[in-house]
Amino acid sequence: MTPNRLRKLKEWLIEKAILLSGVFSVIFVLLIFLFLLREGFSLFRGESVGDFLFGKSWYPISDPPRFGILPLIMGSLLVTLGAAAISVPIGIAAALYIAEIAPGRLKEGLKAGIELLAAIPSVVIGFIGMITLGPWIKNLFNIPTGLTALTGSVTLAFMAMPTIVSIAEDAITAVPRQYREAAIAMGATKWQTTWRIVARAARPGMVAAVMLGIGRVIGETMAVMMVTGNAAMIPSSILQPVRTLTATIAAEMGESVQGGAHYAALFAIGIVLFVITFLINGVADLYLHRSRR
Amino acid sequence: MSMSGIAIATQRLDLFYGDFQALTAIDLQVPEREVTALIGPSGCGKSTLLRVFNRMNDLIDGVRVSGRVLVGDEDIYAPGADLLRLREKVGMVFQRPNPFPLTVFDNIAFGLAVHKLAPRREYDMIVEQALRDVLLWDDLKDKLQRSALTLSLEQQQRLCIARVLPLKPQVLLMDEPCSALDPIATLHIEELMQKLKQEYTIVIVTHNMQQAARASDRTGFMYLGKLIEFGTTARIFTQPAQELTENYISGRFG
């Protein structure tokens, strides 16, 4: 073989190897989804989709068992909305501060701190939430247990914050300097420039940051299982224990019979979670792409 | 407006970036309602001088200024000078068109909103007038809600001029406003300057000597931070008093 042909062969091999890795990562996602579908769908031989999604009782081991996940959906929703209500304003404000106001050294320090927060394992955050935040909320509101949806929201807000701050900060920093210059040259104050121009220009990126933060919160399992009390009932206030979709799967998978209805129901919950996160990531992606254009 | 017919006057203006002296002893009087061009080789300080007039140099760390600069009757470097008010009175157009990433309408409404110059119901009228003043109304009247970033470069630069007009500035500063535009668009902007000078004082920094010769009434030639010569454009380009000026305009250096 001539050196030239050898080189071509090498190029061809490398190209195909990279293509293969790309294809495989897509195939893995598809396989996971198919597996979820196959395991989960067997539930719907004995149960209607409506009863599953909107049933108010989750009694998987009573006789006959009842697989209504509305309480779990409400639990996830409540905890997630609460976490978003806390982490979005603080996260966006922090990102604006770091990107626009903080002087050099403080900025680097804050960025490093935020990254450190992202690196704390969720079980540690859950642990801290359980032993410090829980009792504090219990005493503050004078309620029987401190393990509530609110506790979960605050705990998860800490976990969403690093994602929101770092992605939003990137989006704000990427706003061209000339926009700021133009606004200041028109006599706008620093705040008017930041709020009316910079934040507007960075909005798609900030929406994506919020979406990814929320995606992280919905998918989070360990911390939320430790602090929300895990009562599978429809909450009437944020000061009651709730159970989320994720915590249900994690807590019950070990004790369900493989191939049984309970087992299938947990996989069906997995499908619901998959669809939710898929939608959220889709929206985030849409906005990220729009911001690059 | 001042009684004297002078829009901007500097007296022994020095400007330092840290230890580097960028402007030395500038004495300049910019007449009202004329186009004044500042020319000179790169790094001569012409853009720096332009950014003295709206104090945009303040954004750079380590800038020091001494001497006096009067815009109208106000000493703009006096302690306690109101920068926001100054920049309302002295508008600026930049080298690269930099419309905000907002709609055409919101680009022009920005100044109104920031300075609370008019009630919202008058915005439509003011936006239309500003666009008419820069001859964009016919092109854009159906595209007011489009993003300004979708416009052509020439339209963007016109829009950047239009958005400072609602502030009713006394002075328009233009920092090489045509350097990103093609020759046809350049001519259009120059024609626009002739129209605008009936109402506004214009100071333009340009690299392009033909542009200064075509579009300005007065020309100042700068070199190494000094204002070498200042006079009517006709005189500077036909009978320069300084040898340095003559060498520059005849293209012997640049």
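A bend at a residue is taken here as the angle between axes fitted to the seven residues ending there and the seven starting there. With that in hand, here are some notes on this model.

1. Some housekeeping. This is a predicted model, in which local features need pLDDT of at least 70 and side-chain atom pairs count only at pLDDT 80 or more, while totals for chains, interfaces and linings use all residues. Residues are numbered from 1 along each chain as its sequence is written, and chains are lettered from A and ligands numbered from 1 in the order in which they are written.

2. Do have a look at helix 5 of chain A, which bends by about 35° at A:Met130. Helices (H or I, at least four residues) and strands (E, at least two) are DSSP runs, numbered from the N terminus. The buried residues of this helix 5 of chain A are A:Ile125, A:Gly126, A:Gly129, A:Leu133, A:Gly134 and A:Ile137. Buried means 20 or more other C-beta atoms within 10 Å of the residue's own, exposed means 12 or fewer, and partly exposed is in between, with C-beta atoms placed from the backbone. Their cover includes helix 6 and helix 10 (222-227) of chain A.

3. A:Asn142 sits in the loop between helix 5 (122-141) and helix 6 (149-173) of chain A, and it counts as exposed because it has 7 C-beta neighbours inside 10 Å.

4. B:Leu135 belongs to the loop between helix 4 (123-133) and helix 5 (137-140) of chain B. With 14 C-beta neighbours inside 10 Å, B:Leu135 is partly exposed.

5. Another backbone feature for your list is the cis peptide bond between A:Asp63 and A:Pro64, with omega about 0°. A:Pro64 is found in the loop between strand 1 (58-59) and strand 2 (66-67) of chain A. As background, most residues other than glycine have a negative phi, and most peptide bonds are trans.

6. Finally, chain B as a whole. It has 10 helices and 10 strands, and its C-alpha trace spans about 55 × 45 × 35 Å along the principal axes. Of its 254 residues, 44% count as buried. The radius of gyration of chain B, 18 Å, agrees with the value near 18 Å for a compact globule of 254 residues; this radius is taken over C-alpha atoms, and the globule rule is 2.2 Å times the number of residues to the power 0.38.

How values were computed: Two residues are in contact if their C-beta atoms, placed from the backbone, lie within 7 Å.
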